[in-house]
Amino acid sequence: MSVSRRTLLTTAAGAAVAVSASTPTAASAATPDASDQASVTRTLRQAADYAVAKLRAVAPGVTAFPVGTKFEKWTYSQNGDWVGGFWPGQLWLAWLYSGEEQFKALALASAEKLAPRQNDTSTHDLGFLFYPSWVTAWRLTGDEKWRAGAVQAASSLIKRYNPAGGFIRAWGALGDPNNAGRVIMDTMMNLDLLAFASKQSGDPKYLEIAVAHAKTAQRNFVRPDGSTPHVFDFDPVTGAPIGPNTVQGYSPASCWSRGQAWGVYGFTTIHRRTGDAEFLTTARRLADFALSHLTPDHVPVWDYLAPQAPNDVKDASAGVIMACGLLDLAELTHRPHYRESALRILTAVSRTCLTTKSARAEASVARCTRNRPNEDGVEVSLPYADYYLLEGILRVLDRRRVDRAIDLSSV
């Protein structure tokens with residue numbers, strides 16, 4: 001890989017090609033003028049149309065949960081792994097966008113397969129599993145079983161709370177001493193399930209735990225420049241902080257771009273649920289760091305502080321996740337540059353990262369990286385990229401409609 005002023009772009013068919021970032025063609029394709037609302041709207045609508053058409057073609061044959069692609073075809077988990085909520089979530093968004101009843105039927109059938117996971121105490125990812133699937137199902141259908149199941153999942157999640165350190169343990173079974181004090185930035189995205197449970201049950205304990213975890217993350221993850229590590233370790237007995245670490249980032253001192261995106265979205269959301277101004281300030285610090293490290297093509301590299309950044313492999317999923325958080329930030333802070341940045345990211349992904357030229361591809365978004373250090377899923381498609389692309393686009397095109405699914409309200 002070149003480390004000069006050349007960057008890797010991945011074609012729709014998956015081949016990596018080097019393109020000069022300074023050429024007018026590349027620059028104009030990658031950095032659309034966000035003030036050109038007609039052009040932006042047209043680009044986003046075309047991307048949504050493409051994503052829904054892809055689901056229309058692929059979803060009827062899907063019987064498990066997509067976790068990532070290999071040679072452009074989905075690979076699957078039977079129980080959903082940590083990503084199972086994003087498949088029914090995509091289908092719900094496709095139903096809202098298109099009105100096609102088959103998407104509703106497929107979303108319900110897919111969400112039903114997650115039922116055993118509501119009692120799973122071995123993972124922090126119950127928010128990822130149940131918010132876009134079961135919470136959305138309840139919001140869109142009113143069927144009590146989805147609401148009750150989501151609250152039960154929240155009850156399972158809070159069993160992972162360590163009161164000594166004020167954090168939710170990320171990995172490992174409850175009785176397993178390994179990773180007992182490990183906290184990861186991703187957990188910020190699982191806290192909204194707890195806010196939902198408190199609102200629905202009337203029991204404040206869920207939200208109290210969410211707030212305690214968020215404050216612990218705020219104190220320990222955020223560096224003075226607004227960057228974050230992927231992992232922070234604590235003594236599981238005393239709760240004392242040990243220090244930063246990483247699994248999916250380059251190093252404990254680097255800044256894994258998807259973790260930064262989880263933080264932008266997650267801290268903004270916990271602010272929306274609590275009104276705590278410090279959480280909003282934290283979200284802005286994380287967003288400002290990430291935006292200052294975006295390349296001219298507006299698609300994040302996999303780690304903002306890896307040695308080859310900014311000339312490194314991409315993670316489009318980090319971009320679309322952050323775009324959703326930035327749209328919230330713009331609304332909450334009344335600072336339009338966050339919305340303009342979100343639109344640039346969404347249009348860039350829509351123009352340079354979709355699989356539109358591939359006859360093989362089963363996903364919509366390419367150029368995502370799951371775990372670069374493990375050489376696992378480098379510049380592939382990932383289900384959460386497809387989900388957050390649709391969420392971000394619908395937030396722009398029809399905010400009230402997507403609010404029906406995911407609750408964009410604030411206290």
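Visitor: Which residues lie nearest the centre of the largest cavity, and how many residues line it?

Guide: Rolling a probe the size of a water molecule over the atoms shows where empty space is left. Here a cavity is a set of points, on a 1 Å grid over the protein atoms alone, where a 1.4 Å probe fits but cannot get out, and lining residues have an atom within 4 Å of a point. In this predicted model, local features need pLDDT of at least 70 and side-chain atom pairs count only at pLDDT 80 or more, while totals for chains, interfaces and linings use all residues. Residues are numbered from 1 along each chain as its sequence is written, and side-chain values use heavy atoms, with hydrogens and water left out. The largest cavity is lined by 22 residues, with Tyr131, Met189, Asp192, Tyr265 and Tyr388 nearest its centre.

Visitor: Which elements give two or more residues to that lining?

Guide: They are helix 5 (126-141), helix 7 (191-201), helix 9 (257-274) and helix 13 (383-397), where helices are DSSP runs of H or I with at least four residues, numbered from the N terminus. Helix 9 gives the largest share, 6 residues.

Visitor: What volume does the largest cavity have?

Guide: Its volume is about 250 Å³, a volume being the space filled by probe spheres set on the points, which are joined across faces, edges and corners.

Visitor: What lines the second largest cavity?

Guide: Its lining includes Trp74, Trp87, Glu362 and Asp386, and helix 2 (37-58) supplies the largest share, 4 residues. About 40 Å³ of space lies in the second largest cavity.

Terms used
On a 1 Å grid over the protein atoms alone, a cavity is a set of points where a 1.4 Å probe fits but cannot get out, and a pocket is an open set with protein on both sides within 12 Å along at least five of seven lines; lining residues have an atom within 4 Å of a point.
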